[in-house]
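Opening the notebook on a new model today. I want to look up its charged pairs and then its nonpolar packing.

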Amino acid sequence: NLVGLINRGAESMETIDLSNENCLLLIFKGNQIYFTRNIKHGLTTLRYGKLQSPLYEEIKRSHNYYQSELKQTVPAKAVFTPVLEEDAFLLHNLAEELDLQVETMNLNKIFMSGQPLSDELQLQCFVAIGGALRKESTS
């Protein structure tokens, strides 16, 4: 899947998928999902919120649980799924609040194509591409 193409041997990685109303937080160990949480706050919260937004609080709560209950180290790096260019600064602000090194998934860096995909097209198709790359375990 896409995480395998991005993670490339890193021990753990966090992926944050933000829609307008929700956030899906995933922490991978290798290419396996180790922790997942659906948070009922998304880009709208960041657009109209303030520092220390409810989204920030819920992600911090998830990190605290991951460390204290699961006895795991929170990855130092997070990858945000594609967003529109006008929302990129929101991710930057959230990353600063969380004190995380972040990058935004860029399908143009993962796949070589004749014509670069726009931010809008990446946002619309990254789930389908991830699904197409998914390999089911046969054991």
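**Entry 1: what I'm looking at.** This is a predicted model, so I'm reading everything here as computed from it.

**Entry 2: salt bridge count.** I searched the whole structure and got four salt bridges. I went through several of them by residue.

**Entry 3: Asp87 and Arg47.** I found these two side chains meeting in a salt bridge, at 2.9 Å from N to O. The partners sit in distant parts of the chain, 40 residues apart. Asp87 is in the loop between β4 (77–80) and α4 (88–98), while Arg47 belongs to helix α2 (residues 43–48). Next I looked up accessibility. Asp87 comes out at 6% relative accessibility, so I call it buried. Arg47 has 32% and is partly exposed.

**Entry 4: Arg61 and Glu58.** Here the closest N and O atoms of the salt bridge are 2.3 Å apart. Both residues are in helix α3 (residues 54–68), and because they are three residues apart, about one helical turn separates them. Arg61 is partly exposed at 46% relative accessibility. Glu58, with a relative accessible area of 16%, is buried, since the cut-off for that is under 20%.

**Entry 5: Glu103 and Lys77.** Their side chains form a salt bridge at 2.8 Å, N to O. Glu103 is in strand β5 (residues 101–104) and Lys77 in strand β4, so the bridge ties together parts 26 residues apart in sequence. Both ends are partly exposed: Glu103 has a relative accessible area of 34%, and Lys77 is at 32%.

**Entry 6: the largest nonpolar core.** Which residues touch the most other members of the largest nonpolar core? I got Ile16, Leu18, Cys23, Leu46, Leu55, Ile59 and Leu94, out of 22 residues in that core. The elements giving two or more residues to this core are β1 (12–18), β2 (23–29), β3 (32–39), α2, α3, β4 and α4.

**Entry 7: Leu18 up close.** I picked Leu18 from that list and looked up its contacts, leaving aside neighbours within four places in sequence. Leu18 is in contact with Cys23, Gly42, Leu43, Leu46, Leu55, Phe80, Thr81, Leu91 and Leu94.

Methods
Residues are numbered from 1 along each chain as its sequence is written. This is a predicted model: local features need pLDDT of at least 70, side-chain atom pairs count only at pLDDT 80 or more; totals for chains, interfaces and linings use all residues. Side-chain values use heavy atoms; hydrogens and water are left out. Helices (H or I, at least four residues) and strands (E, at least two) are DSSP runs, numbered from the N terminus. Buried means under 20% relative accessible area, exposed over 50%, partly exposed in between (1.4 Å probe, protein chains only). A nonpolar core is a set of buried Ala, Val, Leu, Ile, Met, Phe, Trp, Tyr and Cys residues joined through side-chain atoms within 4.5 Å. Contact means heavy atoms within 4.5 Å.
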